[in-house]
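Please take me through this model one selection at a time. At each stop, say what to select and what is found there.

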Amino acid sequence: MTTSMIVPVIDVQSNNFQEMWPAMLLAIKTSSFIAVDTELSGLGTRKALLAESIEDRYKAICHAARTRSVLSLGIACYKKLENKADDTYLVQVYNLTLLCVEDYIIEPQSVQFLVQHGFDFNKQYAQGIPYYKGNDKGGDVHGQNTRTLFVELLRARRPLVVHNGLIDMVFLYQCFYAHLPDRLGTFTADLSEMFPAGVFDTKYATEYELRFSASYLEYAYKKCKLDNCKLVNASGGGPSLFLEFCSYSGQLHTYVDYRSCSEESSQEGPLDVCLRFSAYGWCPNGSSCPLSHNTDFIIQQDEKTKENKRKKRKKRKHKADQEAGVQEGSPNKKPCMEEGSSERKEEVLATGTSPVTEAEPMSDRPKGEEEPLSDARMSTNEGNGESGVCEVQSSPAEGAPEDSPLGGKAAVAEAKKAEGGTHRAGFDAFMTGYIFSFACTLKRSPNEPSPETVLPRVPEQALPQRQVDPPTNCQEHLLQVLQSPHPQDGVCVGEELI
């Protein structure tokens, strides 16, 4: 069944920043977790970013953050809705176009990549929200500006979710918080104080928890969407994920970029997959590559390969049983493993889904029911005097059928065509949050009423004192966070994030 999902992403610039301020604050404060993503003006020397020492990598990223800037910031607020079937989240997504008012380096390679994916530099320089980097400058901590918005994100004390996010965290720190410390240990300790509910990296979760064949953002998102669709369609398949979006009207409607997330049922173009793009989501030949870069097609091929390996393994097992003289009804006969048992884990390992050891190539980013007014409906009466209202619009997270009410908005999405590509900070933040919410759904048992065990809520209080020994073993830490019923607060920053 061809499915689609329309994701409304609100574009925020200097001309509507104050108007959208109350809505953004409400979304942040009422969220269960917040996913973020950035688009950058450059990263500097790629060789230094892939240094063997994590300390050397951190220094290289710091140098890039001090000399370059954040061009856009994506914020996706996911709010868990109680008293609903399965795991249902209200999602509100914002794409902020930013403009650093200080001198900064912008790399031609970065410009080319962003333009190919629809970034409008004319709009950025004309309507970008201005900000200063480093420490507070004068009245930066007062009023409505990007730095104050970041402070409100810290005050919300919600789990922060990123994808391959060490670079994102370093840039966010330098651009909207303070000058970066020289040592990685100090930086991670600061993050532990800034985000006491934890920083979660979905690239790590994709590789070591979900065990996907690839871990780049678009692949991980579409694979989660496909797996969730199977759970929804399967009878008694366990908990599944559903999303609800706001239906925007009035002035707000003019700010919304509707992103269509359709599953491509047929492959047009090359039938041979580009192996480099399939593994890393990046190819040096770009759009001129003669091989397929279609992520849906790549996932289909991976699913076929997985199924073929499963059949071959089953056939080998049956042949081995015959050779060993195992007969049906024999007391020594071993019962067949049911799906979901240890054989399934063995199957995952046998399909080549172990984490890729080679560092991922780097370019700029390669990287229902009505709710109460205070939570699910927002109205704004600022700006030019026109009002806009957003109301909850329900949608299954695996995708709504095209003949559903949500799918009917496809005409609207077509009229307001997306600005090309998936690499926009707002939509990337949405995909990051989707992966995390799906992972949380899988990690809770079917009898567990709520996934709050993996979404810690930190009480409103003063920030804790800086930790002397910040978490160092990131793999063990995230495993504890996703598996333990009482996760520890902390931050996952380490070598595996690059």
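pLDDT is the predictor's confidence in each residue, from 0 to 100. This is a predicted model, in which local features need pLDDT of at least 70 and side-chain atom pairs count only at pLDDT 80 or more, while totals for chains, interfaces and linings use all residues. Residues are numbered from 1 along each chain as its sequence is written, and side-chain values use heavy atoms, with hydrogens and water left out.

Colour the chain by pLDDT. The mean is 73 for the protein chain, with 66% of its residues at 70 or more. Select residues 329-388: pLDDT stays under 50 there, and the model has 123 contacts beyond four places in sequence for this stretch (contact means heavy atoms within 4.5 Å). Residues 449-454 also stay under 50, with 20 such contacts. Where pLDDT is low, the predicted coordinates should not be read in detail.

Next, select helix α8, residues 184-194 (helices are DSSP runs of H or I, at least four residues, numbered from the N terminus). Of the 11 residues in α8, 9 are buried (under 20% relative accessible area, with a 1.4 Å probe and protein chains only). Among them are Leu184, Phe187, Asp190 and Glu193. The buried residues of α8 pack against α3, α6 (146-156) and α7.

Show Ile54, Glu55 and Tyr58 of α3, which meet Leu184, Gly185 and Phe187 of α8.

Stay in α3 and select Cys62. Cys62 counts as buried because its relative accessibility is 2%. Beyond four places in sequence, Cys62 contacts Val170, Leu180 and Pro181. Cys62 and Pro181 are 119 residues apart in sequence, yet 8.7 Å apart in space, C-alpha to C-alpha.

Return to Phe187. Outside four places in sequence, Phe187 touches Tyr58, Leu166, Met169, Val170, Tyr173, Leu180 and Pro181.

Which residues have the most contacts inside the largest nonpolar core? They are Leu96, Phe187 and Phe195, in a core of 72 residues (a set of buried Ala, Val, Leu, Ile, Met, Phe, Trp, Tyr and Cys residues joined through side-chain atoms within 4.5 Å). Helix α7 (residues 166-176) gives the largest share of this core, 9 residues.

Methods. Axes are lines fitted to C-alpha atoms, for helices over the stretch in contact, and angles run from 0 to 180 degrees between N-to-C directions. Helices (H or I, at least four residues) and strands (E, at least two) are DSSP runs, numbered from the N terminus. Buried means under 20% relative accessible area, exposed over 50%, partly exposed in between (1.4 Å probe, protein chains only).
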